[in-house]
Structure formats: structure tokens, C-alpha cells
Amino acid sequence: MLSLIFQPRKLHVTLVTLMLGLVVIFYSSLASVSWFMGAQRDLTMTNDKIERVGRELNGVLEAELLPMKSAIKILAETALLTGTFHKERVAQLPAMAAALRQNPSAGSVYASTTEGSFVLMRNLTDRPKDRATFKAPEQAMFLVQSVNRDKLPVVGRYDFYDAALTLIASVAKPDYQFEPRTRPWYLQALQANTAEGIIQTDPYLFASNQKIGITLAVRGRNNSGVVGIDMSLTGLSRLIARQKITATAELVLFNGSGRVLAYRDSDKIFIKNNATGLSDVALVPELNVPALTDLFTHWQNNTLSNATGKDDLKIELEGKEWYGRVQRIDGGGINALFLGIAVPNAELMADSIRIRDLTTALSLLLLLLMLPIIIYISTNVSRPLRDLVKIAEAIGSFNFTSPDPSRSTITEVEALAVSMTKMKHTLKKFLDISSALSAESNFPRLINIILHEMIAISGASSGELALVSLNDNTVQTVVRQVHGMECDVTEEVPVSVVDSTHAPLTVRAIIRGSLQTLRVTNTHPRQAKTYARLFKELDVPHVDIVALPLRNRNNEILGALTLQIAVEENAVAISPELLAFIDALSGTAAVAMDNQKMLLDQKELLEALIQLVAGAIDAKSPYSGGHCQRVPELAKLLAEAACEQTDGVFADFHLSEEGWEALHIASWLHDCGKVTTPEYVVDKATKLETIYDRIHEIRMRFEVLKRDVDIAVYQQFIASLPKEWLNTHALQTEIDTQHAMLNEEFNFIASCNVGGEFMAPDKLERLALIAQRRWLRTLDDRLGISEQDTMLRQTVPAATLPTWENLLADKPEHIVPRAERDHIAANNPWGFKVMAPTNLYNRGEIYNLSIARGTLTQEERYKINEHMVQTIKMLSALPFPNHLSRVTEIAGGHHEKMDGTGYPRCLAKAELSIEARIMAIADVFEALTAVDRPYKQGKTLSESIKIMGFMKNDKHIDPDLFELFLVSGAYLNYAKRFMRPEQIDVVDIETYLS
């Protein structure tokens with residue numbers, strides 16, 4: 001029963017309970033004392049700040065007012081008031097200027113006699129607004145405004161003086177009739193009953209510059225007049241604004257009537273008087289600051305004592321408590337001023353609140369800290385082990401971002417943690433390097449990265465990577481780095497892979513197929529000779545060399561990686577752990593190299609196949625050979641020129657490595673669709689040519705007609721023999737006449753077949769006339785023909801033999817209809833917008849011979865243009881990788897026009913990439929200058945550029961690219977490489993530039 005009541009508690013639970021209780025009691029007491037003392041301290045500090053501000057204001061006012069009072073008292077004794085004439089008053093200008101210079105806050109000093117004569121000197125130095133208002137000359141430093149009432153008429157004028165009081169300009173002001181004797185400062189000064197006789201006006205706005213200020217004035221001896229000086233209070237507002245008692249504390253300086261002399265926002269000091277329409281100085285409540293309004297109301301209602309100079313109160317405002325104080329300022333001893341200050345209690349006690357909160361937070365923090373500390377004492381073994389389990393789980397999930405395990409005071413646990421940390425970082429580094437190698441797609445860069453990473457991991461000074469050549473059983477260094485710099489290896493001599501004790505360590509690693517290490521020294525004669533360059537490059541006497549064979553996934557040796565590490569003479573050997581890591585990483589590097597080499601081989605195979613297809617297209621036609629090879633060169637020249645532009649239309653045009661590859665492939669395959677175009681259409685040199693030139697058939701028909709003439713004439717001769725002897729000479733003449741006519745008609749038909757001249761209407765009429773000649777066919781034309789020809793003749797019944805036929809005819813069997821599969825649907829997936837002719841071919845003899853220009857019929861011209869349709873279809877069917885996805889668009893757009901009238905998709909300039917537009921110019925220029933076309937001669941450089949200039953104007957080619965083609969000199973570079981010398985003439989490119 002006792003055992004059930006008495007339940008032992010764990011030590012850390014008891015300690016936690018006891019310590020937490022003590023901490024709560026201690027820090028609760030500490031927080032209460034800190035709060036009370038902090039509140040008293042904050043209040044004292046705030047009062048000190050307020051009194052400091054008051055002292056500063058007192059000091060500023062005394063510093064400003066006392067010199068001004070002295071100045072006007074001195075001036076009151078001068079001829080400014082006692083002088084009889086204006087000249088005597090003006091003679092006091094030096095004294096007035098001295099008063100302004102000694103008092104920077106004084107804007108002007110002035111004097112008025114009892115007769116109303118008035119002299120005012122205004123300081124223009126550093127007062128751009130005043131200078132602008134009074135249109136002061138550039139050298140003017142003082143303005144003297146005067147009204148002379150010594151005699152009538154009253155004379156008003158403005159005089160401008162420089163710093164030396166030399167008169168610069170004098171302007172008469174007849175309308176300046178200022179009457180000083182009506183001004184408050186004049187009247188107050190005459191009635192002053194102070195000991196000094198000096199009065200101070202309430203703050204008001206100076207009419208000249210709209211700044212707030214006050215006027216000090218004193219009457220002269222025997223009431224001879226009044227001298228006054230204007231003092232700006234703008235400096236006080238700036239002083240108030242600089243006081244940062246708390247973040248949102250409000251300060252205001254006002255006089256006994258409540259007029260504001262200074263406030264942090266000086267714009268609020270001025271308000272518009274609705275009665276007069278003029279600006280006036282605001283009262284404290286008119287600042288619209290609730291805290292200051294409440295404070296002023298308490299002060300005005302004598303809630304605060306006006307006599308003691310300072311009083312405190314608490315203000316409740318919108319649920320917040322404010323601390324307020326009004327402190328008297330006796331600056332200069334005239335017209336006491338008052339400094340009102342309102343501070344939010346939350347800010348006033350901010351330090352105390354912060355200390356209270358900090359104390360509370362520290363208490364809670366201590367509570368939280370005590371608990372793990374006590375628990376840690378009893379669990380200092382299990383905690384590190386739990387951390388290690390988490391790290392092991394993270395490593396198993398290939399997560400290497402977890403923090404390293406914490407240190408342990410137990411030796412065995414600490415050793416395990418260190419080992420686990422090393423393993424984590426080693427695996428992470430291994431995978432990071434493997435990922436970097438796998439991501440690199442450029443083989444030369446890849447091998448450089450491999451060598452760089454290996455050098456960095458091993459701490460080597462230099463290294464090299466060599467590849468094995470299976471053709472001659474040699475090893476060739478392909479990259480070498482010394483002290484982080486890549487070295488030139490173009491002159492490296494291949495080394496034979498021969499097993500020898502004197503062979504370099506690289507060769508030995510390849511032959512033995514395992515990691516090899518060697519320490520060499522320049523004191524060893526043979527090593528000094530073998531590794532002389534290494535000792536010279538590293539400038540050290542001792543080097544550790546590590547050579548690792550590189551194997552692919554088939555365990556075949558690709559080459560070797562060699563690292564050279566500068567060491568001291570008695571330095572320890574490279575650690576087995578580092579060697580093992582380098583060996584393991586070299587396997588990953590070798591696989592990455594093998595992958596990239598395979599990819600490189602595939603690219604080379606693709607390149608060979610591309611050039612094979614292009615070569616086959618060129619070889620298919622003896623008249624266009626080299627077109628597919630020359631267009632890529634021209635496209636590359638123009639693309640390079642566009643990439644080099646730093647401004648203008650092509651400033652932002654750049655091609656990446658993948659972009660160049662896409663342009664290269666597209667330019668080589670831009671005419672791949674021509675494999676589907678019959679060569680007898682591509683190479684059609686005459687109008688009647690198909691697989692052969694049918695002019696031979698027509699020639700044979702003419703020969704038949706000539707024989708028919710011979711036969712007819714001789715038949716007449718034979719028929720007439722029994723009757724009389726015929727004139728054989730007349731018969732021969734008839735034969736010759738008929739033969740000459742037939743010869744001439746055949747020559748005409750033959751000239752029409754060439755297509756070199758335009759077929760005018762008269763030629764077409766003669767062609768139709770000749771075609772009506774008839775010849776006798778006695779053999780069946782349906783014997784020995786192909787199945788397709790048989791099908792074409794089925795629509796017409798066979799003629800009864802013998803039969804007369806026209807010499808030239810358009811027969812039904814000449815029409816080859818277009819199959820359904822050859823039609824292009826309107827909604828085709830490639831976006832083709834071409835109208836296919838009704839027939840696939842029309843081989844009618846008259847139809848072909850009537851071709852107006854060239855040798856191609858409408859159907860044949862479409863067939864040739866159709867190669868673009870086939871190009872796009874063929875390239876669209878190829879599984880290009882993502883970086884080559886634009887090959888089809890680039891290759892398929894070189895017959896489009898900038899105005900959208902090209903083929904096969906009627907794309908406008910904005911819908912075509914720059915590369916596609918480059919291809920169009922390259923294709924046109926090559927076609928114009930080529931000398932291997934059956935239907936034309938290769939044009940000269942100037943003729944080709946002229947034609948392309950017309951094409952630019954007709955919006956058939958890109959005008960910007962055409963101008964770049966000329967300005968960059970790409971056209972001339974191409975001409976020098978591929979055109980005949982006689983074709984290269986002078987071109988004035990300025991003619992074709994916009």
C-alpha cells in the first residue's frame with residue numbers, strides 16, 4: 001500500500017519544478033522594482049530634455065534679441081531720427097548695414113521720423129526670394145527703400161548697394177508712399193513704458209517674404225521718431241523640429257496671446273484670415289494638433305500656473321494618456337514666451353516598458369533554458385545519438401542540407417559524430433560534382449571542368465587529362481592546367497602506350513588499369529630529365545604524382561587523369577581516403593566524358609547525314625549542285641554581322657550555342673523537300689522537256705512530213721510516166737520548197753521550246769497555225785506503254801488506223817490529274833496557304849510551247865514551290881530536341897515575303913524570326929549569283945544587288961537585313977569565296993541604303 005502512495009519522481013522533473021518556481025519569484029520581484037525605478041527615471045529624463053530645450057530657446061532668443069536691441073538703441077541716437085534732411089539720414093547706411101551683418105536673423109532695419117520720412121535697409125544676401133521680389137541686380141547686397149517727406153511732393157525710391165555700400169542702381173518709385181506712423185510698431189514704441197523703451201510686436205507675417213517674425217522698435221530721444229528691426233523666427237521652428245524628445249512628441253512656442261512663434265511644421269503656422277483674405281499667424285488651437293490644443297486650453301484656463309514658469313499635467317486623449325508641460329521662456333527679457341510640450345505616456349515610459357518586457361522575456365527565456373539544461377544533464381548521451389540517427393536518415397534520403405550534429409562530451413559519441421559529418425560532406429561534394437559534370441553538354445568544357453575539380457579536391461598544383469587513340473595505340477594530352485591556368489596543348493606529342501619502367505606515370509596507369517602514385521625529385525637524374533618541364537613549371541624540387549585511368553561503362557579505358565602535387569621533401573604521402581575519393585570520382589567523370597563523347601559522335605553522325613541529304617539534293621541536279629552548301633555559308637556571314645551589332649534594329653539579337661546549331665541545321669536542310677521534286681522538273685531546260693526533251697518527237701514528225709512530201713511528189717512523177725515525161729527539175733524545186741518551209745517551221749518550234757524570248761501574240765498565232773499540219777500515224781500508240789499512260793488514254797477511244805493527227809496537240813493523255821492526297825486542306829496542321837493547280841501536270845505540247853516566259857508551266861512551277869511544303873512536312877516529322885525545335889520554322893520560311901504574299905504559309909515580317917529572314921536573303925542571293933542553273937546565267941554582283949534592291953522596295957525581303965548585308969560587307973566576303981572573278985564588279989551600296 002505504501003508503495004502505491006509513494007511514487008518516486010525523476011530527478012530532472014524535481015529540479016525543473018524547483019528551479020522554475022525560484023525563477024518566477026525572483027524575476028517577478030525584479031520586474032516590479034525595475035518598472036517603478038524606470039518610470040521615475042524616464043520622467044526625470046524627459047523633464048531634463050524639456051528644460052534643456054527651454055534653455056536652448058532662451059539662449060537662442062537672448063543671442064538674437066540682445067544684439068538687435070543694442071543695435072536699434074544705437075541707431076536711435078543717430079541722424080536717422082535727428083537729421084533734418086534725407087541726405088543726413090542716408091549717411092547712416094553703414095551703421096544700418098553693420099546692424100544687419102551682426103544679426104543674421106534680421107531681415108531689415110528701418111527708421112521713421114515724426115514727419116513720416118522713412119528709410120529701410122534690407123539685407124539681400126542669401127535671400128533669393130527677396131532678390132526676385134525686388135528685381136535686384138546681380139551684384140546688389142542691400143536694398144534701401146526710402147520715402148522722403150521733408151517737402152512735397154513725397155519722393156519714394158529703391159536704391160541698390162553692393163557689399164561695399166557702393167550705389168549700383170537707383171529706381172524712382174512714385175507709387176511708394178509707405179506711411180510708417182500708422183504701423184503698430186511705431187505706435188507701440190511711442191507708447192512704450194518699459195525701462196529701455198523697447199517694444200516687441202506679436203508675431204506676424206512679413207509682407208515681403210511671407211516669413212513669420214517679430215519687430216523690435218524703440219523711440220528716439222525727445223520722441224524724434226522710431227527705429228525698428230525685423231527678426232525672423234524661422235530658425236526657432238527649425239530648432240523645435242530638431243528636438244526629438246520622443247517619436248511623436250509635440251512642441252510649440254507661443255506668446256502670451258497664444259500666437260504660435262515656432263512649430264516643427266512651419267507651414268501650419270500660417271492660416272488664411274477669412275475676413276481680410278490675407279495670411280495670419282495661427283493660434284495654438286488652430287494648429288489642429290489635439291494634444292497641444294488640450295494643453296493650451298488647460299493653460300489658458302489657469303489650470304496651469306502662469307506665474308511659476310512651468311507646470312505638469314496628465315491629458316486623456318482618445319483613450320491615450322499624455323504627459324503635458326508648459327514652460328515659460330524669458331528670452332531677452334521681453335514679452336515672456338511659453339514652450340508647450342505634449343508627450344504620449346507610452347513613449348515617455350518606452351524604456352521602462354521595454355525593460356519590463358525584456359525582464360519578462362528574460363524570465364520566460366530562463367524558464368525555457370532551465371528546462372533543457374536540466375534535461376540535458378540526464379540525457380547528454382541520448383541527444384547526440386538521436387541527432388546522428390536523423391542525419392543517417394537524411395543521408396539515406398540523399399538530403400545533405402541538414403545541420404551537422406552537435407558536439408558531445410562523450411568521446412565515443414563525438415568520434416561517431418565526426419565520422420558521420422565527414423561522410424555527409426564527402427557524399428554531398430561527390431554528388432555536386434557529378435551533377436555539374438552531367439549538366440555540361442560541351443565536351444571541351446567538360447574535360448576542363450573535370451580537371452579543375454580534381455585539382456581543387458586534391459589540392460594539386462597542376463594536372464592534365466589525356467585520351468587514348470585506338471587507331472595508333474597512343475595517348476594524347478587534351479587539356480593541362482598549371483596553377484589554375486589552362487595551358488596550350490596543341491603541340492603536345494602523342495606518347496605510345498608501351499609497357500616500360502621508364503614510361504610516364506600516365507601511360508603506366510593506362511596499361512595497368514589502376515591508380516598509380518609516384519614521388520619524384522629533381523635530384524634524381526632520370527626523374528629530373530623525364531619531368532623537367534614539371535619541375536620548371538611548379539618551381540619546386542619534390543612532386544607527388546597521381547595517375548588514374550578513366551573507364552567508361554563498358555570498362556574500356558578512355559584515357560587517364562594525372563595530378564601533380566607540390567610537397568616538401570619529408571611530407572607524408574597522400575591519404576588513402578583522399579586517393580579513394582579521387583578514384584571514385586574519376587569513375588563518374590569518365591562516365592560523363594563517355595556520355596558526352598557519345599553525344600558528340602551522334603551530333604557528328606547527324607551532321608554527316610544532314611550534309612549527305614544536302615549533297616544528294618545537289619547531286620540530284622547537275623544544275624544546282626552546291627546550292628545547299630553555299631546557302632549555309634552565306635546565312636552564317638549575315639547572322640554573324642547581325643550578332644555583332646551594338647545598336648540599331650539588331651542590337652538585342654544574339655545567338656546562343658544552341659541557336660547557332662539550329663541555324664546551321666536549318667540552312668543545310670532548307671531545301672530537303674526537293675528530294676520529292678522530280679529532277680526533270682527542277683532541271684527543266686526547255687518547254688517540252690520531261691524525262692527527255694520531246695522536241696525530238698516533233699523533229700521526227702517534221703522528218704515524216706518531209707518524207708511525205710518526197711513520196712507525194714514522186715508518186716505524181718510515177719503516175720505520169722505512161723503519159724509523158726515529167727520535168728524532174730520542177731519536182732525537185734517543189735520538194736526543196738516544201739522542205740525549206742518545214743525546216744523553217746521546225747526552227748521556229750525549236751526556238752519556242754528554248755524559252756529565251758517572250759511569246760508575243762503573233763508567235764502564238766503562228767504556233768497554232770503550224771500545229772494544224774497533219775501527219776499519218778499507222779502504228780498503235782497504246783502498245784508498249786506504262787500502266788499510268790494506259791490509264792490516261794482510257795478517257796478517249798482508240799483511233800482507227802491509219803489516222804491523221806495534228807503535228808502539235810494538247811491531248812487528254814497529256815493531263816496528269818492531281819490525286820486527292822496531293823491537295824492541301826484549308827485547316828492543315830502546318831498552316832499552309834497555297835492554292836494547288838487542278839492538275840498535277842499538263843504535258844500538252846501547244847500548252848507547254850505557249851509558256852510566256854521561262855520553261856515552266858503553272859503546274860511545274862507549283863511543283864517546284866511545293867518543295868517548301870515538303871521541307872516543312874519532313875522537318876516537322878523529325879523528333880528534334882527542345883533546343884532545335886525552331887529548325888523547321890527557320891528552314892521553312894525562306895520563300896516567305898515581308899508583305900505576307902510568299903509561300904507556303906503567307907507569313908508577314910512580324911511572324912518570321914530573324915533567322916528565317918536571314919535564310920531568305922541568303923537563298924535569293926545565292927540563286928541570283930549561281931552559275932550552274934539551266935535557265936539563266938549567273939548574274940554579276942551589281943546586277944544581283946540591284947534586283948534585291950527592287951525586292952526590298954517591293955517588301956519581298958527584310959529591308960533592315962538587306963542593308964546590314966551590304967553595310968557589313970557580307971555580300972563581298974561571299975563573292976570573293978564563291979563567285980567567279982568576272983562576276984565581281986563595283987557596287988555602290990549607298991544607292992540601296994535608306
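Modeller: What follows looks at one helix and then turns to the nonpolar cores and the cysteines. The model is predicted, so local features need pLDDT of at least 70 and side-chain atom pairs count only at pLDDT 80 or more, whereas totals for chains, interfaces and linings use all residues. Residues are numbered from 1 along each chain as its sequence is written, and side-chain values use heavy atoms, with hydrogens and water left out.

The helix is α32, residues 970-978, in which Ala970, Tyr971, Tyr974 and Ala975 are buried. A helix here is a DSSP run of H or I with at least four residues, numbered from the N terminus, and buried means under 20% relative accessible area, computed with a 1.4 Å probe on protein chains only. These four residues lie on the same side of α32, because they cover an arc of only 135 degrees around the axis, the arc being that of the directions from the helix axis to the C-beta atoms. In general, an α-helix has 3.6 residues a turn, so residues three or four places apart point the same way. The buried residues of α32 pack against α19 (627-643), α29 (914-929), α30 (941-953) and α31 (959-967), where contact means heavy atoms within 4.5 Å.

As for the nonpolar cores, each is a set of buried Ala, Val, Leu, Ile, Met, Phe, Trp, Tyr and Cys residues joined through side-chain atoms within 4.5 Å. The largest has 60 residues, and Met96, Met121, Val227, Phe254, Tyr263 and Leu292 touch the most other members. Apart from it lies another core, of 46 residues, among them Leu941 and Met951.

Finally, the structure holds zero disulfides, a disulfide being a pair of cysteine sulfur atoms within 2.5 Å. Cys643 counts as buried because its relative accessibility is 18%.

Note on methods: Buried < 20%, exposed > 50% of the residue type's maximum accessible area, 1.4 Å probe, protein only. Helix = DSSP H or I, 4+ residues; strand = E, 2+ residues; numbered from the N terminus.
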